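I opened this entry to go through one chain from its overall dimensions down to single residues. What I looked up is noted in the order in which I looked.

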Amino acid sequence: KDLDEGEGVAHLVSVLSQRLTVTDADWQVGHSKIFLRRELATKLEKLVSLRVLCAARIIGRFGRIVAQNRASNLLTPWARFRMHMIKKRKRISAAKTIQAT
């Protein structure tokens, strides 16, 4: 939301500073690099690891849902076929028993 208000790297770093509760003294924008103090760098690394863990959970949940759907799509027809074959075998067995008497 607040990233839409301004442009440039300086604005991006200031927004990150507000979100991570650090001051402007913890970072400096150069010509081609952004220099960070160790405190801000470690907070950014923690933020990145939290985002990665969150994404991993989402992907894992999606994978489990896909696996469950595939398993149910495989097992339901198999169970129906198995029940059909059991009933068919019982009918054949009953017919044979009747014919034997």
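**Overall dimensions.** I am working with a predicted model. I began with the radius of gyration, which is 32 Å for the protein, whereas a compact globule of 101 residues would come out near 13 Å. I then took the box along the principal axes, and the C-alpha atoms fill roughly 100 × 25 × 25 Å.

**Secondary structure.** I counted 2 helices and 2 strands. Along the sequence I read their order as α-β-β-α.

**Burial, contacts and surface.** What share of the 101 residues is buried? I found 8%. I next took the contacts between residues at least 6 apart in sequence, and 11% of these join residues at least 24 apart. For the accessible surface I noted about 9,100 Å², with 60% of that area belonging to carbon and sulfur atoms.

**Charge.** I listed 20 positive and 8 negative side chains. The centres of these two sets lie 35 Å apart.

**Helix α1.** I went through residues 9-19, which form α1, and found Val-13, Val-15 and Ser-17 buried there. What covers them? I noted that the cover includes the strands β1 (27-29) and β2 (34-36).

**Thr-21.** After α1 I came to Thr-21, which has a positive phi, near 50°. I placed Thr-21 in the loop between α1 and β1. Most residues other than glycine have a negative phi. Is Thr-21 buried or exposed? I found Thr-21 exposed, at a relative accessible area of 64%.

**Nonpolar core.** Which residues form the largest nonpolar core? I listed 5: Val-13, Leu-20, Val-22, Trp-27 and Leu-40. Val-13 was already in my notes as a buried residue of α1, and here Val-13 returns as a member of the core. In soluble globular proteins, nonpolar side chains tend to be buried together.

**Leu-20.** I took Leu-20 from the core and looked up what Leu-20 touches, leaving out residues up to four places away in sequence. The list is Leu-40, Lys-43, Leu-44 and Leu-47. Of these I had already met Leu-40, as a core member.

**Recap.** I leave the entry with a radius of gyration of 32 Å, 8% of residues buried and a largest nonpolar core of 5 residues.

Note on methods: Residues are numbered from 1 along each chain as its sequence is written. This is a predicted model: local features need pLDDT of at least 70, side-chain atom pairs count only at pLDDT 80 or more; totals for chains, interfaces and linings use all residues. Side-chain values use heavy atoms; hydrogens and water are left out. Helices (H or I, at least four residues) and strands (E, at least two) are DSSP runs, numbered from the N terminus. The radius of gyration is taken over C-alpha atoms; the globule rule is 2.2 Å times the number of residues to the power 0.38. Buried means under 20% relative accessible area, exposed over 50%, partly exposed in between (1.4 Å probe, protein chains only). Contact means heavy atoms within 4.5 Å. Accessible areas come from the Shrake-Rupley method with a 1.4 Å probe; for residues, only the protein chains shown count as cover. Lys and Arg count as positive and Asp and Glu as negative; His and the chain ends are not counted. The place of a charge is taken as NZ of Lys, CZ of Arg, CG of Asp or CD of Glu. A nonpolar core is a set of buried Ala, Val, Leu, Ile, Met, Phe, Trp, Tyr and Cys residues joined through side-chain atoms within 4.5 Å.
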